[in-house]
Each structure stands twice: as C-alpha cells, then as structure tokens.
Amino acid sequence: MRAVIRLMLLVTALLGARAAAAPAITVSDVPSPAANGAHSPWLTTGPDGTIWLSWVEPGASDVATLRGARFDAPARRWGPARTIATGPAIGTEWDNPPQLTIDGNRRIFATWTDHRGAAFVRESTDGGQTWNTTSSWTGTARDVGKIALARLAGGGILAAWLDAEGGSDARANLCARLPASAEAARLAAPVSRRSHPAIAPFLDGGALVACRTWKADGTDEVRVVRLVDGCGTPAKTLAADEWRVASAPENGIALASDGSRVAAAWFTGADDDPRILVSYSPDAGGRWLMPLRVSQGRPGGHPGAVLLRDGTIIVCWLEADGSAWLRRINPDYSADDPARLAAPGTVPLAQLPQLALLRDYAGAKDSAELVVAYVTTGHRGPESVGRLATQHVLIPEGELVAAATTCGCAPMPEELRGFSIRGNVLRLDPAGGAAEVRHREVPGVFAAGTGWFAVTPEVRRTIEPGREFLGRIEYRDDRWWLFDLRVLALPP
C-alpha cells in the first residue's frame, strides 16, 4: 500500500510539474488605428504575408467612412489609417462588414453591399493611397446579400455571394464568380440569406465554399461545394446538426486551408445546447472528422479559424456573456485549454471577430503569430461607444507540440508538413536527384498524372521502380520533393 501511495504521489508530482511547465499562449494589445465608435473590422492577408485591417467609422447624417491600415509586423503596430470610401451605404450592419482582399498582383480590393441588393467595389494599385471605383464582382445580380472573397492559387479573386432572386426574407442562392469567368454560377440553393458564406482556396487553383442551409422543416445544415477546374461539384453536407430554428440562422461558418487541408468552425444550437464545433478534412473537403466541441460556456457564436502548417487549428469565438476566447486544437485533434481575449461584458455579439495568420509555424521550436480584431464596448458620458480592439497572439507552437508528445510515438513536427501521395516510380534521373512518378490525385493539390519529384539520397535508396508506394510530398525551393517513402507489399 505504501508503494502504491508513493507511486501515486510521484505521478501527481510529475503531472503537476508538467502542467506548471506547459508553455502558454500570450495575448498582447496593439493600439488600434481606428477612431472611437469604429466597428465592422475585417482582416486580410496579402500574397507577401502582410496583414491589412479595414473598419467603418460612422459620421453625421448616416454617412460612414470605410478606412484601412497595414500591419507593421517587426514593430507590432499599425501603419497610418487611409480612407477608402465615404457614403450612406457603408457599414449599416455590423454582421455584414465591408471586406478587403489582395490579388496576386498586390492590387487591393474593397467590397461592400448597401443592404438593398447592390454591391460596390473600389480598387487600389498603389498600396492603399488612392482608390478607384471598379465593376462589381456580382455582375448583373440585383438582390445581393453577403459576400465572401478569397485569393486563389493563381492570384485571381474568387467571389461568392448570396442572391435572393426576388427578395426572399430567409432563403437565397449561393453564387460564385471565378477570375477567368465573365458569368456567375449558382452553386447551391436554397441557403440561409442571413449567414455569410466562407471560402478556402487550394493549391490546385480551386476552392471550397461553405454555407448554411435552412430547409423547409426548419432544420439547419452546414454544406460545402468544391470548385474544380472552374466548375462546382454537388453540394455535400459537412454537418447535419438537426438544429431547428424559427428563422434562417445568422451565424456563419469559418473556413481555413493549408494546401489541401481544411478546417471548419461553426455555431449550432441543436438540443438547446449552444456550442462551437470544429472539424477537419485532410482531402479538400472529401472527408471530415467527427466535430469537436471547443466552447465551454454558452457561446454567442461567430467563430474565426486559422490552420497552421503542422495541422494545428486555432479558433476564436464570442460568448453570450460578452467575452471573447481563443483555443488551440492539436495536430492529434485534441484541444488545449482556451485562452481569454476579452473579459465578460466587453464584446457585443452583433459582429464577426477577425483572426489572421501573421507568421506560420516553421518546425522545431518555432512559434506562430496571429492578429485578432474585434469591437469592444466602452462608455463616454451617458452613451455607449464602440472601440476597435486589435491584439497580437504568440503561440509557442514547437513547445506545445513537444509538450503534447508523451509516448514518443507521435510524428515529428516536420513530418506533419506537406501532403500524402500514392503512386509508383517509373524511372530515376541518372543524376540521382529526381524520380518520375505516376501518382493518384492529391485532392486540392494536383490531379492524377505523372510528374518529376526531387528526392534525397536516403529516399532514392528506398525506391523500387514499378512498386507502389505511400509517401509525403512537400514544396521546397520552387519544386516538389518526395519524402518518407514506404513501398507497399505485393498482393499475394
């Protein structure tokens, strides 16, 4: 008995020491570039990794101003605020903020709707100093709702939006327009008119588009449509939560992608149990893991999501008590303790908190960095005044991954990078540095076919031409490399 007690005390001490030594996510406030009363923040990342923030500042006689600023990463501060547009149609709904997006040529586009069916676009070719009016993404659509934008692998912009076609109060069609197309395509119908669509781009130039449906029986579903070679595949159900709601749901979906991997976060109130759920797809939305609950209290919804290179998912959301939270989902799909961004009573629910990746995880003991933006409430005299809060989040990713590895059997962080591939080697380059491979489709990366892959001497020694293998590919130094090759057994 004494031996058992000593063992229990030893285990308890070790667990306590491990918990005390666990690395922590740190959240630091960054002075906001916005004036008091600002709302409707939006974060976007350019092709060079630069983060831009846009927001709305209300003025007199219902006239509002859309402004933007660029984040100075080394100094951890925002650059000067620049005016994008001013008018009565800007920012009248906090849950439908204007958006910024940046194409492959570093042109910045600002998009918003007037909530009466019209959509507007302004463009800057000089880093946000001047803005010109340009044609709308939505073309001739007359009843446009919420818009989502994303830069595709080729550098062009994909736009997805809701078109009510006649002003339905609850349902709409999900439409999209690819960069090379002059016409819009309808991807799914009917969907909830009050919920933002979301886009996750892939390396093959396609994307995944998510939306919420609201069926005739009042049941809500989260659905996804994959765009391949400019065409939409039939919509698939990501989650059928059997949430019955009296009107079309307003809470949107958050998507994040890395190559062909996708993370999705959404709110559901099914079974009178409000919660934020997260799921993960390794193959461009073909298969999804069972949803994981990440919220602990009674959330108000509106999640944001980021997917790191090692498969870690970062989720933020709002609680009904007016607090904001962030949580990390490990590559093994387990959840760390949540970190609080804002205290209770400080964040209004009628908004979409923003989350952007400033610095991805690069392996070893490296860290990841994020930028967060949301509105807080303050008081000036007898009136409540909104304030735009921005924060820098440091995630000691390498230390967290190492701390989560207790059995010694988990893959190294570097082994989590890249994508799985199956194929067979046709021939080796006589110089020994590359192999020609006939491979199956790598969803979201490239179609089935034949291509050359760089190999290390260690991989070359394991290759058996003509034999089927499983391996991992990674894009380095402007070419694809083949790693961790395992030759499959011959059939009996």
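**Figure 1. E242 in strand β19.** E242 is placed in strand β19 (residues 236-244), where strands (E, at least two residues) and helices (H or I, at least four residues) are DSSP runs numbered from the N terminus. The model is predicted, so local features need pLDDT of at least 70 and side-chain atom pairs count only at pLDDT 80 or more, whereas totals for chains, interfaces and linings use all residues. Residues are numbered from 1 along each chain as its sequence is written, and side-chain values use heavy atoms, with hydrogens and water left out. The phi angle of E242 is near 55°, a positive value in a residue other than glycine. Most residues other than glycine have a negative phi. E242 is partly exposed, with a relative accessible area of 46%; buried denotes under 20% relative accessible area, exposed over 50%, and partly exposed the range in between (1.4 Å probe, protein chains only).

**Figure 2. D484 in strand β35.** D484 belongs to strand β35 and has a positive phi of about 50°, although it is not a glycine. With a relative accessible area of 28%, D484 is partly exposed.

**Figure 3. The second largest pocket.** This pocket holds about 710 Å³ of space and is lined by 30 residues, of which R261, P282, G418, F419 and S420 lie nearest its centre. A pocket is an open set of points on a 1 Å grid over the protein atoms alone, where a 1.4 Å probe fits, with protein on both sides within 12 Å along at least five of seven lines; lining residues have an atom within 4 Å of a point. The volume is the space filled by probe spheres set on the points, which are joined across faces, edges and corners. Strands β31 (419-428), β34 (468-476) and β35 (479-487) each supply at least two lining residues, and the largest share, 4 residues, comes from β31. The lining comprises 12 nonpolar, 6 polar and 12 charged residues, with Ala, Val, Leu, Ile, Met, Phe, Trp, Tyr, Cys and Pro counted as nonpolar, Asp, Glu, Lys and Arg as charged, and the others, Gly among them, as polar.

**Figure 4. The open sheet β20-β21-β22-β23.** The 4 strands of this open sheet follow the order β20-β21-β22-β23 with antiparallel pairing. β20 (253-258) and β23 (292-293) stand at the edges with a single partner strand each, so one side of each lacks a neighbour in the sheet. Two strands pair if DSSP finds at least two bridges between them; β20 and β21 (residues 261-268) pair in the antiparallel sense over 6 bridges. Within this pair, A254 stands opposite A265 in β21.

**Figure 5. The buried face of helix α2.** In helix α2 (residues 397-404), the buried residues are E397, G398, L400 and V401. Viewed down the axis of α2, these buried residues fall within an arc of 165°, so they line one face of the helix. The arc is that of the directions from the helix axis to the C-beta atoms.

Figure 6. D360 lies in the loop between β28 (354-359) and β29 (368-380) and counts as buried at 16% relative accessibility. Its side chain reaches the backbone nitrogen of R309 at 3.0 Å. D48 is found in the loop between β2 (39-45) and β3 (51-58) and is partly exposed, with a relative accessible area of 43%. The side chain of D48 reaches the backbone nitrogen of T50 at 3.1 Å.

Definitions and conventions: Polar contact = N/O pair within 3.5 Å; in protein donor to acceptor, adjacent residues only side chain to side chain.
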